[in-house]
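Please read these points with the model open beside you. They begin with one local detail and then widen to the whole chain.

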Amino acid sequence: MATLLLDSSNTSLSVGFENNGVLIGFTSYEAWQVQSEHMVPEIDKLMEKLGLVRKDITKVVTSIGPGSYTGVRIALTIAKIVSLACSAPIYTVSSLRVLKDNDKPSICVINARSNRSYFGVYNGNEIIISDTIKTNDEAKEYIANHKGYSICGDARYLGYENNDTNICKQMVSLLGVLEKAPNDLAVKPVYMKD
């Protein structure tokens, strides 16, 4: 029994497997604009390495946005195909929430382009600010006023260092609070606009 973990909502690709609350294997790397070509082969490689077969997949966890319009759809489409092929339910999670720094208060950002940020704030499993869009100036002001918080995501566009979060590990830590999608094949991505 294994849970497949998928994310391609930003510039990287993350694929992992969980069993009994333990991350048993994962791969994650920059794959901007090639996630669609790499995700399925990475799933296959990881399954072979871990000795898993299709019937071992009992759940699929995928990020659903906000993030790259195409990137969000890649992981979600693959999640739906695996769900259908393996009769495995889909669990969804915010693309920002999987960036958080474990149980530390975390400001999570993704570049939304046009001087804007996808923005969410978390403390452990608590959502302090639900996913939203802020101008980059608003995001920087919030960060400046919350010095004890970890800044998570690719924050270089805001002038901050990256906090390299293991997305698959964060998905595993959230398994207990994620809800099953009511209709696996009807799950929709979260696209945010002004």
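**Notes on the model**

1. Just after helix H2, Ser87 takes a positive phi of about 50 degrees. Helices here are DSSP runs of H or I with at least four residues, strands are runs of E with at least two, and both are numbered from the N terminus.

2. Please keep in mind that this is a predicted model, in which local features need pLDDT of at least 70 and side-chain atom pairs count only at pLDDT 80 or more, while totals for chains, interfaces and linings use all residues. Residues are numbered from 1 along each chain as its sequence is written, and side-chain values use heavy atoms, with hydrogens and water left out.

3. Helix H2 covers residues 69-86, which is 18 residues, and it reaches 26 Å from its first C-alpha to its last, close to the 26 Å expected at 1.5 Å a residue; the expected span is 1.5 Å times one less than the number of residues.

4. Which residues of H2 are buried? They are Gly71, Val72, Ile74, Ala75, Leu76, Ile78, Ala79, Val82, Ser83 and Cys86, where buried means under 20% relative accessible area, exposed means over 50%, and partly exposed lies in between, with a 1.4 Å probe and protein chains only. An α-helix has 3.6 residues a turn, so residues three or four places apart point the same way. The buried residues of H2 pack against strand E1 (2-7), helix H1 (35-50), strand E4 (57-63) and strand E5 (90-93), and contact means heavy atoms within 4.5 Å.

5. In the loop between E4 and H2 we find Pro66, which is joined to Gly65 by a cis peptide bond with omega of about 5 degrees.

6. Two further residues deserve a look at their backbone angles. Asn102, in the loop between E5 and strand E6 (105-113), has a positive phi of about 50 degrees although it is not a glycine, and Asn102 counts as partly exposed at 41% relative accessibility. Arg113, found in strand E6, is likewise not a glycine and has a positive phi near 65 degrees; Arg113 is partly exposed, with a relative accessible area of 41%.

7. Taken as a whole, the chain has four helices and nine strands, and along the sequence they follow the pattern β-β-β-α-β-α-β-β-β-β-α-β-α. Along its principal axes the C-alpha trace spans about 50 × 30 × 30 Å, and buried residues make up 51% of the 194 residues. Among the contacts with a separation of 6 or more, 61% are between residues 24 or more positions apart.
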